[in-house]
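This briefing goes through the packing of one protein chain, topic by topic. Please keep the sequence and the structure in view while reading.

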Amino acid sequence: MNKKIGFIYYTFYPVRGGASVHGYNLARELKKLGYDLYKLNGEPDPWTTKLSGSLSGLLWILKNCDVIYVRMDHFITQPRNLIGLISLLIGKKVIVELNNPSDELYLFGRGKRYIRFVDRLYRLFLSRARAVIVVSEPLKTYCKQVLGLQRTYVIENGGEIFDPDSINPSEEIRLKMETIRHRFDSVVVWAGSMNEMQELEWVREFAREAGSDMAVLFIVNDEGGNHRQSGSPEEDNIFIFRNPGRQDVKFLILSADAGLAFYKPYPWSRWGYYNSSLKIYEYLNNGLLTFTNIRGTDSQLHSSFFRNVDSPEQAVEQIRNRRHMKFSAAVGTRTWDQVAQETARVIEEVIEK
């Protein structure tokens with residue numbers, strides 16, 4: 001009999017970006033490994049069994065699932081967080097996925113006093129978790145030093161390898177890309193939410209330096225969050241695509257020669273840069289020359305397509321000279337099946353104990 005997982009996650013279907021990309025791909029790969037997943041929120045998807053979002057659905061999960069897998073954050077009153085707290089309090093086997101430290105609350109207008117309160121609350125409840133999964137070593141340090149959690153596992157994000165033959169973009173996007181490709185020698189993509197963590201001024205400087213040589217595609221997710229940057233880039237070689245569907249996102253990334261992933265310094269965070277960037281993995285896995293101003297993880301550094309730069313101008317120069325660069329034959333760097341296999345090892349350890 002397949003093992004049952006209560007999959008308490010952000011709404012991830014249909015896929016839009018960020019956490020939904022993570023949730024969808026993790027659910028798909030865990031299903032392939034033979035687990036039965038049950039969820040309460042969102043639309044029905046191919047990989048999970050959608051239960052009633054009412055109390056009856058929650059009670060079924062608490063009674064019948066071998067383990068509860070819950071992605072929690074610091075917004076305590078969100079339903080998924082409350083379900084996680086209930087599961088911990090009644091002694092269920094719970095695996096918590098934690099993707100940001102409490103310091104991120106500074107970006108939402110919270111002060112030090114509130115953040116320390118959240119730390120105390122997390123320390124109290126997460127000590128009951130059988131395992132805590134984080135996406136980077138800085139987050140593991142946060143969990144150990146501030147929350148006192150010892151059963152913490154680092155499992156980085158992954159990225160898809162897109163199949164060009166299965167992608168069906170909208171006609172509008174396809175025609176627009178034909179025009180862009182005709183006008184510019186190179187196409188560069190930036191994807192994400194326009195928030196205070198992103199170094200968008202570097203992207204604007206990149207576009208100004210690139211001039212008429214390169215088009216810069218902005219794939220913008222405007223949904224969620226309240227720490228947005230105001231204003232949009234206005235350079236003539238920047239083309240903005242707001243909230244495109246997942247098929248269009250894949251098509252746009254595959255249409256590019258290079259990808260940008262620039263981040264601001266995190267002076268408000270005790271841990272510095274702590275994320276594991278989804279877009280970096282998607283760029284690398286699909287053969288894009290990938291530029292960032294962060295060091296990168298070990299798996300990213302192993303890719304010959306990964307480039308760390310000190311300025312936007314360096315990125316522009318390298319793209320102009322890319323035809324003289326040598327790349328390894330292997331394109332992929334880290335995929336979702338690897339993420340699921342590492343997650344499954346944690347799940348099995350928790351169930352067996």
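A residue is called buried when its relative accessible area is under 20%. By that criterion Met 214, Val 216, Phe 218 and Val 220, which point one way from strand β9, are buried, and so are Ala 215, Leu 217 and Ile 219, which point the other way. The model is a predicted one, and the points below should be read with that in mind.

**Strand β9 and its partner**

- Strand β9 (214-220) is mostly covered, with 7 of its 7 residues buried.
- In a regular strand the side chains alternate between the two faces of the sheet.
- Strands β8 and β9 run parallel and are joined by 7 bridges, and Ser 186 stands opposite Met 214 of β9.

**Helix α11**

- Within helix α11, which spans residues 312-320, the residues Pro 312, Ala 315, Val 316 and Ile 319 are buried.
- Viewed down the axis of α11, the buried residues fall within an arc of 100 degrees, so they line one face of the helix.
- The elements against which these buried residues of α11 pack are β8 (186-192), α7 (200-210), β9 (214-220), β11 (258-261) and β12 (289-292).

**Nonpolar cores**

- The largest nonpolar core has 66 residues, and the members that touch the most other members are Leu 98, Leu 126, Leu 147, Ile 180 and Leu 217.
- Leaving out residues up to four places away in sequence, Leu 126 touches Met 72, Leu 88, Val 96, Leu 98, Leu 147 and Leu 149.
- Another core, of 29 residues, lies apart from the largest one, and Val 15, Ala 19, Tyr 69 and Ala 340 are among its members.

**Aromatic pairs and charges over rings**

- The count of aromatic pairs comes to 18, and one of them is the edge-to-face pair of Tyr 24 and Trp 47, with 6.4 Å from centre to centre and 70 degrees between the planes.
- This pair links distant parts of the chain, since Tyr 24 belongs to helix α1 (residues 19-32) and Trp 47 to the loop between β2 (36-39) and β3 (48-50), 23 residues apart.
- Which of these two residues is buried and which is partly exposed? Tyr 24 is buried because its relative accessible area is 16%, whereas Trp 47, at 22%, is partly exposed.
- The pair of Tyr 266 and Tyr 273 is tilted, because the ring planes stand at 55 degrees, with the centres 5.4 Å apart; Tyr 266 counts as buried at 7% relative accessibility, while Tyr 273 is partly exposed at 22%.
- A cluster linked by ring pairs contains Phe 7, Tyr 9, Tyr 10, Phe 12 and Tyr 69, and the charged end of Lys 39 sits over the ring of Phe 12, at 4.6 Å from the ring centre.
- Arg 110 lies over the face of Tyr 114, and the distance to the ring centre is 4.1 Å.

- Leu 33 has its place in the loop between α1 and β2, where the residue is partly exposed, with a relative accessible area of 43%.
- Although Leu 33 and Ala 344 are 311 residues apart along the chain, their C-alpha atoms are separated by 8.2 Å.
- With neighbours within four places in sequence set aside, Leu 33 is in contact with Ala 340, Gln 341 and Ala 344, and of these Ala 340 is also among the residues of the 29-residue core.

Methods. Residues numbered from 1 in each chain as written. Predicted model: local features only at pLDDT ≥ 70, side-chain atom pairs only at ≥ 80, totals over all residues. Heavy atoms only, no water. Core = buried A, V, L, I, M, F, W, Y, C linked by side-chain atoms within 4.5 Å. Buried < 20%, exposed > 50% of the residue type's maximum accessible area, 1.4 Å probe, protein only. Contact = heavy atoms within 4.5 Å. Phe/Tyr/Trp six-rings, centres within 6.5 Å; stacked < 30°, edge-to-face > 60°. Helix = DSSP H or I, 4+ residues; strand = E, 2+ residues; numbered from the N terminus. Lys NZ or Arg CZ within 6 Å of the ring centre and 35° of its normal. Arc of directions from axis to C-beta. Pairing = 2+ DSSP bridges.
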